[in-house]
Amino acid sequence: MRIRFSFRKVLAGILSVLLAFSAYMPVRASEAQSEGAEVKYSTDGGATWKEDSLINAVYQCYMAEKSEIRLLKDIVLTEDNWSEGLILVYGHELTINGDGHTLKRGSDTIKKLGTVGYDGSVLTLTNITIDGGAVWSGNDPATRSNSGLSFTATAHFFAVDENATLVLDTGTVLQNNDLGDSFYGGAVAVGANSGGKLVMKPGAVIRNNTGSLGGGVYVGTNGVFEMEGGTISGNYAVQGGGGVIVMDGVFTMKNGEIRGNAAGNNGGGVAVQGYRASSVFTMEGGSITGNQGQAGGGVTLIGAGDSFLMNGGSITGNRVTTVGANGGGILVNAGVLRVSGTPVVNQNSDANNAANNVCLRNNAVITVAGAINSGTKIGVTRGLGDVTSGWTGQMGDSAKPEDYFFSDNSNYTVMKNGVTGEAELREGTDEGNVEKDVEKGEGAPTVSLPMDTDALANAVLSEDDRQQVADGTDIKILLVVKDIGSTVPENDRNIVEASLGDKYTVGQYLGVELIKDINGSRTNITETQGLIQIVITIPDGMKGNNRSYAVMRVHNGSVDILEDKDANPDTITMETNRFSTYVLVYEETNGNESGGNESSGTNDSGSSGGNEVSSGAETVVGDAGNGNHAASDVTKDGEPRTGDDFRTEIFATTAMVAGLSYLMLLFADKGRMTEERKKELVSRLIQWGRRGKRPRKILALAMIVLLLIYYHSIGRQVLVELA
């Protein structure tokens, strides 16, 4: 038995490594397939693949439980190679992976491409562009013209019905489909008959399509559209719903963009229009921006039973195109608009570019359906004669509606009704102000009232007080603190001394009063509806190294110790709703030994010096001979940093393991390695390397190189000669 070794065979081994890796990298399928086939397909879940034309592959996949078709080239559909509606997914799962290619309609005889329906069927489109054949001139979807294909019948790309799902995955583009005013759902119709679901993933796109209702997507009876991400843009609806129309269905927008769409009537971005039943649009995130319609530039609610639940996201930069029309952001012609979370409806406009955000018609209101967070900003338009505006629902006791809502018309002001607690638009800006202040008497410690004015007013003011503020009356809430050591009531002093025990010592007696001042008339408040937060600074004369502090409150014959709400040793933050005698007390302690990490290194200069800095459980050791070596210049193992932070031990270990592997192959294989065995080992090493970090990948690569060198220069040669 002879063993031959040549440079040519070594080079062949290295090239085999590169080819093996390339098999696991995304490549255009057409580069690795034969010239004649349009697609490759699998009907057994990806175990085996065949090549054929698209039409034959669709036929073969029709009855398979789980199948996949991958495009090998761009394909133009005509009557010579395609039949209308051929992609039928009934009771099985089909994935069409374009691998970056385009499937384009090349004839007006090719209308709807397929239907997904019944029995849990799923059609997934990924990394594919489907083009309807329209050729647009102009960028405005409302005025552009088409010199390409257009249709006057059912010709959306896909219809989805009855317990079936269409998934638009990353890289999927549905574009350039022109149905004019003839049919609904320029790209997709969900629930065209009843039921069905459309799922749009991040990275998917529906653009530049036209339909009568729903330029991009139509959601019909019991249909469901879940937009997890992606973009719906440049679509046009001759009637309503430039991007999406919801008719007796449910649309949930979790993320993504609906932008630059237009409608000849209502809802440039989204129209919610129940026909036989109610429709629901829920917006949890994402943005609706740059859309336009004759009325309702961003979103329009049309039917009485419809609802728009805006729990987040933003509606900005939309506009109406008809002079005198409203609802640049949202038009509530009928139905219910509910808000919660952090919604933003701002910077939308009418045809004259005036602020025009939410327009409420026919006695509609905005309902606060849950907690509203900071960052919410919603503009409201006080429109024509039939327009009223208002809010219902609880915004919380401390909520100030003008922090979340504003009027598009400067002649109106958003305010809360002091009696009903509901926010409303009022003409004029004559609401009164609530102010707060602190009066510190001689000898009293420094005291502050950190609560914001609105929260303080809610805790202190009665309903009548709030109504006075709404009617223009100014009210001041005043905290007065005095040193009452010489005038403290005898009964209060006795109660305090009986409560001190051996633990506390009196530091200072204070009188704390809360006063409501209305037009110069002062009222002393002894109890409030809510808690008032007060911060007291410990006087210098009371401070000690080993003292802790507390506050005693004496009220109506009882004494309470108030908890300190902050960690600052120089202040006490307390919350109280009773105002009378207070006592600063302190307790002598033995002190607490401080713990934590210590610096354990030295900083000696000279040849014998070192520098250690303790950091948790690890010690970073400096460079001997330079006591000032910075911790950032050394590794935690004590090695000096170089241009590469990858350890040298890894390379040594890799070389050792690879060498041992080579010897094992040489002496253990005994010339029995076949082509199939080689491919199996390379595949296993690649998968093993991918599951680890950089060291494992380098080790796997080295082992593959040596395996292939062995195979091409030794193992295969031995096998040939023995044969």
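A salt bridge here means a side-chain nitrogen of Lys or Arg within 4 Å of a carboxyl oxygen of Asp or Glu. One nonpolar patch of this kind is made of Tyr 62, Met 63, Tyr 90 and Tyr 118, with about 430 Å² of accessible area together (Shrake-Rupley method, 1.4 Å probe; for residues, only the protein chains shown count as cover). Tyr 90 sits in the loop between β5 (87-89) and β6 (93-97), and its 32% relative accessibility makes it partly exposed.

The model is a predicted one, where local features need pLDDT of at least 70, side-chain atom pairs count only at pLDDT 80 or more, and totals for chains, interfaces and linings use all residues. Residues are numbered from 1 along each chain as its sequence is written, and side-chain values use heavy atoms, leaving out hydrogens and water.

On to the chain as a whole: it has eight helices and 57 strands, taken as DSSP runs numbered from the N terminus (helices H or I, at least four residues; strands E, at least two). Of its 723 residues, 48% are buried (under 20% relative accessible area, with exposed over 50% and partly exposed in between; 1.4 Å probe, protein chains only). Among contacts (heavy atoms within 4.5 Å) with a separation of 6 or more, 77% link residues 24 or more positions apart. The chain exposes about 33700 Å², and carbon and sulfur atoms supply 47% of that.

Two open sheets show both kinds of pairing (strands pair if DSSP finds at least two bridges between them). Five strands line up parallel as β19-β23-β27-β31-β35. β19 (210-213) and β35 (319-320) are at the edges with a single partner strand each, so one side of each has no neighbour in the sheet. Two bridges tie β31 (residues 292-295) to β35, with Gly 293 opposite Val 320. The other sheet is antiparallel, with three strands in the order β47-β51-β54; its edges are β47 (447-448) and β54 (571-578). Seven bridges connect β51 (residues 527-537) to β54, and Ile 534 has Met 574 as its bridge partner.

Finally, there is Lys 516, in strand β49 (residues 505-518). This lysine is buried, at 15% relative accessible area. Its side chain makes a 2.9 Å polar contact with that of Asp 465 (N or O atoms within 3.5 Å; within protein, one able to donate a hydrogen and the other to accept it, with residues adjacent in sequence counting only if both atoms are side-chain atoms). Beyond neighbours within four places in sequence, Lys 516 also has contacts that include Leu 461, Ile 475 and Arg 522.

Definitions and conventions
Patch = residues over 30% accessible without salt bridge, like charges linked within 9 Å, V, L, I, M, F, W, Y side chains within 5 Å.
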